[in-house]
Amino acid sequence: MTKVKAVILAAGKGTRMKSELPKVIHTALGKPMVEYSIEAAMGAGAAEKDICLVVGHKAELVKKEVKENVTYVEQKEQLGTGHAVKCAEKFIGKDGITMVLCGDTPLITGETLKKLVDIHVKEKNAITVLSAYADDPSGYGRIIKDSWGKFMKIVEHKDASHEERRVNEINSGMYIFNSDVLSKALKKLTNDNAQGEYYLTDTIQIAKELGLGEVETVEIDDMNEIMGVNSVEELQVAEKVLADRASRGL
């Protein structure tokens, strides 16, 4: 059995929530948002002790609100998604596979993540990216493939060329890495870009350049599942979806 670990990014302030609380502990149907990500990770095969929350803003508050007995690492400075995952380098180690998830996506399901894990293992991928097709992909990172449909790179909206912006396949921000591949790529990660940030997506490029294995995408059926909550309005939308699922016994 492949060991399944999860790193959940939960360090953000969430200024658009207009609240002093860390974003991930705002509640949806009475439960902190990050709890849904933890439950989804467990539904995909990760044990509590194999789930690591990267905390930052008001870290103690987040720890107090989370019910499960998970691991924590602290991101003292907000230097990008790659830096957040880098903070969990020791936890990631070299064994098994590591899911990288977001603490502000309460609609992701264990079923979807389990499917991602199964495909990753079956296909013997080094990295598997959860993607979606969006009618309006504005603002999202684009998945760029060659004429054979093979993964080439992820390009952020702001860095995308006119041609690349016409691509409708978007990055969900959720991934599965072979742990050893992620560890090797994190060691080579730099912040040599206009923002001076460490981008997690750069680790995929590094892994490709080092020839560490295949990168594939798996398309999600329900785009709602990858919706990030950044405002009170988006939280209300997420709550409606959760309430609808609950009414249908899902």
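Predicted model: local features only at pLDDT ≥ 70, side-chain atom pairs only at ≥ 80, totals over all residues.
Residues are numbered from 1 along each chain as its sequence is written, and side-chain values use heavy atoms, with hydrogens and water left out.

Start with the largest pocket, at about 1,300 Å³. A pocket here is an open set of points on a 1 Å grid over the protein atoms alone, where a 1.4 Å probe fits, with protein on both sides within 12 Å along at least five of seven lines; lining residues have an atom within 4 Å of a point. Points join across faces, edges and corners, and the volume is the space filled by probe spheres set on them. Of its 38 lining residues, Lys-23, Thr-81, Cys-102, Asp-104 and Asn-230 sit closest to the centre. β1 (4-10), α3 (81-86) and β10 (169-178) each give two or more residues to that lining, with β10 contributing the largest share, 4 residues. (Helices are DSSP runs of H or I, at least four residues, and strands are E runs of at least two, numbered from the N terminus.) By class, the lining has 13 nonpolar, 17 polar and 8 charged residues.

Now the second largest pocket, with a volume of about 250 Å³. It has 14 lining residues, and nearest its centre are Thr-109, Glu-111, Thr-112, Asp-221 and Glu-225. Both α5 (110-123) and β11 (215-219) supply at least two lining residues, and α5 gives the most, 4 residues.

Conventions. Nonpolar A, V, L, I, M, F, W, Y, C, P; charged D, E, K, R; others polar.
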